[in-house]
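Please look through the sequence and the structure before reading on.

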Amino acid sequence: MEVNFDLVIGSEDYTVDMQSGLETMHGVSDSTRLISEVILTNKVSNKKTHRSDIRTSLKKTFKGSYGQVYSIETYSKESTKKLREVGKDIFAELMAYFLAEAVYQESSELSQKAKDILAKIPASTINKLLQRLREPLREIHKVNKAFNYPITIRYRPKVNQQPILLQKFDKR
């Protein structure tokens with residue numbers, strides 16, 4: 001099972017410096033994976049490998065700024081079952097919540113289902129997640145710091161629906 005997202009680097013000429021772009025994408029991948037693991041397993045792993053039960057996968061690019069579609073994918077029965085229980089929309093809502101919390105921003109009001117799931121995650125796990133997110137979030141800002149392009153992470157609910165903004169990163 002997978003949940004689709006996209007990363008948009010707001011460059012004016014639809015290109016981006018490769019090194020900075022790769023570092024930014026690496027930060028997005030690690031942030032997404034860390035948050036996903038907490039939502040689906042209530043744990044923060046210390047390592048990521050190609051054998052992890054929850055991984056990010058690059059998909060396709062798209063026109064307009066520099067955009068890259070990616071997904072979070074589950075590879076174990078337990079993670080897939082939990083993702084089905086949570087639901088893709090609530091999963092994205094919690095992803096936005098943790099991204100906002102990690103950069104000390106006010107998050108949107110959570111739905112009751114999202115609040116219920118959040119309440120089941122131990123505070124120590126949430127604190128560890130927020131600490132672990134600091135490094136990937138520094139990487140997300142590489143393009144922004146070097147070229148002043150905004151970075152946007154969006155949830156892609158369905159093929160015919162507009163993406164939903166989860167977080168925008170800029171110089172602030």
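Which side chain does glutamate 37 meet in a salt bridge? In this predicted model, the partner of glutamate 37 is arginine 33, with an N to O distance of 3.2 Å.

## A pair within helix α1

Glutamate 37 and arginine 33 lie 4 residues apart in helix α1 (residues 18-41), so about one helical turn separates them. Glutamate 37 counts as buried because its relative accessible area, 8%, is under 20%, and arginine 33 is likewise buried, at 6%.

## Other salt bridges

The count of salt bridges comes to 8. One of them joins the side chains of arginine 154 and aspartate 6 at 2.8 Å, N to O, and this pair links distant parts of the chain, since arginine 154 belongs to strand β4 (residues 151-155) and aspartate 6 to strand β1 (residues 2-9), 148 residues apart. Aspartate 6 is buried, with a relative accessible area of 0%, whereas arginine 154 is partly exposed at 22%.

Lysine 115 and glutamate 109 also form a salt bridge, their closest N and O atoms being 2.7 Å apart; here lysine 115 is partly exposed at 35% and glutamate 109 is exposed at 64%.

## Helices α3 and α4

The axes of helix α3 (residues 88-102) and helix α4 (residues 112-119) come within 10 Å and cross at roughly 65 degrees, in a right-handed crossing. Helix α3 contributes Ile90, Glu93, Leu94, Tyr97 and Phe98 to the contact, while α4 contributes Lys113, Ala114, Ile117 and Leu118; these residues divide into 7 nonpolar, no polar and 2 charged.

Conventions: Residues numbered from 1 in each chain as written. Predicted model: local features only at pLDDT ≥ 70, side-chain atom pairs only at ≥ 80, totals over all residues. Heavy atoms only, no water. Axes fitted to C-alpha atoms, helices over the stretch in contact; angles between N-to-C directions. Helix = DSSP H or I, 4+ residues; strand = E, 2+ residues; numbered from the N terminus. Left-handed = near helix turned anticlockwise from the far one by under 90°. Contact = heavy atoms within 4.5 Å. Nonpolar A, V, L, I, M, F, W, Y, C, P; charged D, E, K, R; others polar. Salt bridge = Lys/Arg side-chain N within 4 Å of Asp/Glu carboxyl O. Buried < 20%, exposed > 50% of the residue type's maximum accessible area, 1.4 Å probe, protein only.
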